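Reader: I am new to this structure and would like to go through it step by step. Could we begin with what a core is, and then turn to the chain itself?

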Amino acid sequence: MKIAQVGEEVLRTPARQVEQVEFEQEALVTFMDGLLATMLEANGIGIAAPQVFDPRAIMIIASRPNPRYPDAPDMQPLMMVNPFIKQSSVNQVWEWEGCLSVPGLRGRIERPDWVDVAYLDTEGKAQNIKLEGFVARIFLHEFDHLIGKTWLDHITSTKDIMANDVWMTTFT
């Protein structure tokens, strides 16, 4: 799948909810498999459907050490459909983020350090999860894509933007 780049309208458009009937269609499973393969091929740790020009509220979080995030914790990919934030921490943490749709750049932004989330799993069943630390950041980053935002929308100073190559030599 082709990954949308910053400036493309799909990244500014809020995603639509997946209807329950869609869970009965093979096309949804095929799409989810393709979304995961695209993320893995790009060395991503998360991806959202709008990033591949699909308007649905579907995302994957999949923290794992890789060249882009060598210190990331390891977890199995988690597919989330129609996620919403039930609660998040008052405590905010500053950290650097990159994005498959914003190639070559990193941004230092502030996000809550934990988040309680409700979502549907791949079978359409309601789930709840509390995500903390780096995994919460991945969720919030991908959730932004579902509401028509990127990390660029959270930048408070241009001093918080860095070329990825500079970031790699400075912070890894």
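Author: A nonpolar core is a set of buried Ala, Val, Leu, Ile, Met, Phe, Trp, Tyr and Cys residues joined through side-chain atoms within 4.5 Å, and buried means under 20% relative accessible area. The model discussed here is a predicted one.

Reader: How many helices and strands are there in the chain?

Author: Read along the sequence, the elements follow the pattern α-β-β-β-β-β-β-β-α-β-α. Counted by type, the chain has 3 helices and 8 strands.

Reader: Why can the chain be called as compact as a globular protein of its length?

Author: The C-alpha trace spans about 45 × 35 × 30 Å along its principal axes. For 172 residues the globule rule gives 16 Å, and the chain is as compact as a globular protein of that length because its radius of gyration is close to this value, at 15 Å.

Reader: Which element gives the most residues to the largest nonpolar core?

Author: That core has 21 residues, and those with the most contacts inside it are Ile61, Met80, Leu131 and Phe139. Two or more residues come from each of β2 (58–61), β3 (78–88), β6 (114–120) and α2 (133–146). The element that gives the most, with 7 residues, is α2.

Reader: How many residues does the second, separate core have?

Author: Among the members of this second core are Ile47, Val52, Ile58 and Ala62. In soluble globular proteins, nonpolar side chains tend to be buried together. The size of the second, separate core is 18 residues.

Notes
Residues are numbered from 1 along each chain as its sequence is written. This is a predicted model: local features need pLDDT of at least 70, side-chain atom pairs count only at pLDDT 80 or more; totals for chains, interfaces and linings use all residues. Side-chain values use heavy atoms; hydrogens and water are left out. Helices (H or I, at least four residues) and strands (E, at least two) are DSSP runs, numbered from the N terminus. The radius of gyration is taken over C-alpha atoms; the globule rule is 2.2 Å times the number of residues to the power 0.38. Buried means under 20% relative accessible area, exposed over 50%, partly exposed in between (1.4 Å probe, protein chains only).
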